[in-house]
Amino acid sequence: MSKSQFVASGLLLLVMVSTLQCAKPEPAAEAASVAGDLTPLFSVKELMQNIIDPQADFIFEAVAVDIDEHGIVETKPTSDEDWLKVQRAAVLMAESTNLLKMPRRVAPEGDKNALSGPGQPELSPEQIQAKLNQDRHLWNTHVDHLRDELLKVLAIVKERDSDKLLEAGSDIDRACEACHLEYWYPGDKAAVLKDRDSRVYGS
């Protein structure tokens with residue numbers, strides 16, 4: 001191979017490598033493209049009813065102290081299976097916070113809140129949607145707060161600490177209620193906060 005042929009081959013190889021590098025999408029751009037292809041199938045309300053609320057019960061009901069005719073009855077996770085249920089619930093709920101951040105309808109088409117309207121504490125789905133669209137950062141802040149509390153549950157599962165799990169349940173409930181008071185029933189906000197201040201929360 002002559003010197004000129006060697007140089008030409010080297011230039012051709014350089015051009016091919018550069019072309020391949022340019023053609024390969026950046027990871028962030030590729031991820032954005034995939035996210036852009038996702039189409040929400042259900043509303044926020046349906047996610048709450050079918051995923052988030054049912055899974056939250058596994059956390060809220062995992063630890064409890066009740067008093068009945070037999071005295072004090074304590075409930076807490078004792079087996080690996082008990083803790084696994086809590087773990088699965090936290091994972092599903094935490095991952096669902098990503099779904100809540102995806103722009104989607106607040107409620108199914110034609111859905112109405114029973115206590116919405118003039119003088120009522122609840123906002124209509126249309127009012128909630130408008131408020132959410134106006135300040136999506138505020139919505140995402142509430143969602144991130146819930147996510148952070150759920151990730152704490154996963155750490156508690158590893159520690160097998162039922163006392164911390166009870167506290168975590170209250171923290172998750174607070175995170176959910178803060179969002180609901182902002183969007184769903186702001187008319188009840190003053191009464192709820194007054195009641196909370198007058199007693200030990202979660203008792």
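Me: What pattern does the protein chain follow when read along the sequence?

Reply: The pattern is α-α-α-β-β-α-α-α-α-α, with 8 helices and 2 strands in the protein chain. Helices (H or I, at least four residues) and strands (E, at least two) are DSSP runs, numbered from the N terminus. This is a predicted model, where local features need pLDDT of at least 70, side-chain atom pairs count only at pLDDT 80 or more, and totals for chains, interfaces and linings use all residues. Residues are numbered from 1 along each chain as its sequence is written, and side-chain values use heavy atoms, leaving out hydrogens and water.

Me: Why is E167 called exposed?

Reply: Its relative accessibility is 53%. Exposed means over 50% relative accessible area, buried under 20%, and partly exposed in between (1.4 Å probe, protein chains only), so E167 counts as exposed. You will find E167 in helix α7.

Me: And what makes R160 partly exposed?

Reply: R160 has a relative accessible area of 40%. Look for R160 in the loop between α6 (136-159) and α7 (162-183).

Me: How much of the protein chain counts as buried?

Reply: Of its 203 residues, 29% count as buried.
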